[in-house]
Amino acid sequence: MDTFCKQGDWGVHASAATRLCTALHCRILKNRITCAAFTAPQSVTTKVAQALYGIVSRFSRHYSFYLKQASMFDFIRKHLKVVMIAFFPLVIFAFVFVGMDPSMLTQRSPVVAKVGSKEITQNDWDARHRSYADDARIANPQLTSAMLDSPQQRYVVLEGLVRDAVFNSVIRDRHYLISNNQLARDLVKQPEIAALRGADGRLDMEGYRDLLRQNGLTSEGYEANVRYQLAMQQVLGIPQSTAVTTPEQASAAVNALFQSRDLQVKRFTPDAYAAKVTVTDDALQAFYSANQSRFQRPEQLDVEYVVLDLQHLMDKIKLNEEELRSYYDNNKGSYATTQEQRHARHILFATDASMSNEQRNAVRAKADAALAQLREDSSRFESIAKAESDDPGSKDSGGDLGFFSRGAMVADFDNAVFNLKKDQISDVVPTEYGYHIIQLLDTKPATIPSYEELHERLAKDVKTNMARSQFVEQADLLRNLSHEQRDSLQPVADELGLSIQTAKGISRESSADTPEALKNPAVLEALFNNRATQDKENIEAVDIGNNQIVTARVVQQHPAQVLPLEQVREEVKTLYVAQESAKLAQQAGEEALKAWQADLQNTSDSEALVVSRQQPQGLTAGDIDAILTLPADKLPQALGFEQADGTYLVANIRSIAPLFAEDVDEQQRTLLSNAYTAQVSQMLAAAEAETYYEVLKQELKVQIRAPRP
């Protein structure tokens, strides 16, 4: 039975390592790989393995009698040493005469954007998009791959990456640092966290971590995010604070944004005129001939495909207690319900970025002097902290920081504390906040549940780890097989135990009937490539997210064609009637508009309507703009509007409606007016922040090299 690697070591080198396992000193047990000594660069060994594998594949075609009783892969695996001895010199010979592509050594991902000196690569973009898509699917399972993987949505994700890089660069370069005290003050402003403070004012750290765990968070990750948000407030605080408006400006903006207008409207709908449309064969033929593009069936494909799925691999894995016990022993620390905690106190001699070297040296001298006193008499720690420490949060308590876990403090401070023995006093520890002297007062060991308590969770984690290892290996094998034997998916299905699925009538644009595995834009693009449609080759394997990889091939191609009139007659009739009835509705509406313009008092059979930008009442943004931008001295005035559904709308814009209804009392009016003004101020602040972001992009010479879709 193979032994388990520690957590994180499951991703051994896929099928390339399988085919070269003897050379890489690996052992294979029950199709699982445990590496003993594998230090060569992964990209190089993979490509050498693939090159060797290609030579062997061609050799095997000429000497197929060796493979009568076994597949080509079985032959290679059983006679690996012989194959290596025979063909490895050929690979070296090829490199000598042909040369080696530098990308074999670097395999550098293309740069899609650049922010200052930071490069954002295609791999960065893909990773962020996968994370975004996975989160979006969890939040809304109804979202389809076509929606999440569209070029427009992918570009939005890239713009988010660039935005993060811009602000991270500004935070780092301009030293927008958030101290532990600032972080603590912000955290306790949150009601849920403030409720965890005891009578002595100290935070219940165990309850704090439990609260975060219930929300799927760690203290380190959550606090890092809070630090980032606080730093962002500093970055954007100045430009947002400049968005100040006078009362007159605010009033004008509120009136423009929230103004309503009283209308009298009459609608002329196509349905009301459909019965008046005369339908003849000649009319339908003419409409069909003039609109043939509307009756064209797009190019369609009948395809076969296979899907490699992580969940399917997990379901097939069987475990025994020995394996689970071994995994628990090697990884029990990661299952701790409470981490090791240390109780420390410190004396801070603060520095800041504005200090000169002489000033810093003077502060360091004070710290050294205090340390010398403590070396003589450690019992003076509390009194020296109260007298000299620059940390306002702990000074009055003698520098006491309470219990905290690893990672709660900045790295240098953290390392010093967790390397001290109980009651030991550190040397002077420099950090970004100044110079510290630290004493360890007590420790609490981590709390780790027993093997029996974790049994179910361990089984799930081990299966996941094993399945991921197999997934990586089988994904590589799938890619190689589909590439080497391009005219069939059967070798892939046989080798990996996958079923070949079929789908008919696949178009370039996915629809509700398209299988989920084929909705990915990259899959559809590959299927409609000439290599797939004309040469009938397997497409390159595509990672479609959700731990699934798909490859497919075209079985039959159905060219685009205009469907005959007999086949689409009912559709032609429906569209023709809709077109003609809309014309009749517009004619009637235009006649009514002329009558209203001649006499605005003659608006019979109309309905009263109040419209605004917040309540458009079904009108388009363009219609609302036309209504609200009419000068007050031009009212009343009649206008006509064509609607998207063919309806013609006649409107008499009578007057500007009051900002508040008559039944709204003075107190409510004041509250609403203040709310409107606040909303306008927020919009102006957001506009200022966006303008500042554009300035930062120019300063950092931001380049987005990927084309905007």
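Which strands does helix 8 (residues 151–173) lie across? In the predicted model, helix 8 lies across strand 3, strand 4 and strand 19, and runs at about 30° to strand 3. These three strands form an open sheet with the order 4-3-19 and antiparallel pairing. Strand 4 (118–121) and strand 19 (703–704) are the edge strands, each of them pairing on one side only. Between strand 3 (residues 111–115) and strand 4 there are four bridges, in the antiparallel sense, and Val 115 stands opposite Lys 118 of strand 4. Helix 6 (residues 122–139) also packs on this sheet, where it touches strand 3 and strand 4. The direction of helix 6 makes about 60° with that of strand 4.

The chain as a whole contains 26 helices and 19 strands. Of its 709 residues, 41% are buried. Among contacts with a separation of 6 or more, 71% are accounted for by residues 24 or more positions apart. The average pLDDT of the chain is 82, and 84% of the residues score at least 70. Over residues 1–71, however, the pLDDT is below 50, although this stretch has 129 contacts in the model beyond near neighbours in sequence. A further segment, residues 100–106, also stays under 50 in pLDDT; for this segment the model has nine contacts beyond four places in sequence.

Helix packing was examined for helix 11 (residues 205–214) and helix 12 (residues 219–241), whose axes come within 9 Å and cross at roughly 85°. Angles of 65 to 115 degrees count as roughly perpendicular, and helix 11 and helix 12 are therefore roughly perpendicular to each other. On the side of helix 11, the contact is made by Tyr 208, Arg 209 and Leu 212, which meet Ser 219, Tyr 222 and Glu 223 in helix 12. By residue class, the contact of helix 11 with helix 12 divides into three nonpolar, one polar and two charged residues.

The relative accessibility of Pro 631 is 40%. Since buried means under 20% and exposed over 50%, Pro 631 counts as partly exposed. Pro 631 is 25 residues from Ile 656 in sequence, while the C-alpha to C-alpha separation of the two in space is 10.0 Å.

Note on methods. Residues are numbered from 1 along each chain as its sequence is written. This is a predicted model: local features need pLDDT of at least 70, side-chain atom pairs count only at pLDDT 80 or more; totals for chains, interfaces and linings use all residues. Side-chain values use heavy atoms; hydrogens and water are left out. pLDDT is the predictor's confidence in each residue, from 0 to 100. Contact means heavy atoms within 4.5 Å. Axes are lines fitted to C-alpha atoms, for helices over the stretch in contact, and angles run from 0 to 180 degrees between N-to-C directions. Helices (H or I, at least four residues) and strands (E, at least two) are DSSP runs, numbered from the N terminus. Angles under 35 degrees count as roughly parallel, over 145 as roughly antiparallel, 65 to 115 as roughly perpendicular and the rest as oblique. Ala, Val, Leu, Ile, Met, Phe, Trp, Tyr, Cys and Pro count as nonpolar, Asp, Glu, Lys and Arg as charged, and the others, Gly among them, as polar. Buried means under 20% relative accessible area, exposed over 50%, partly exposed in between (1.4 Å probe, protein chains only). Two strands pair if DSSP finds at least two bridges between them.
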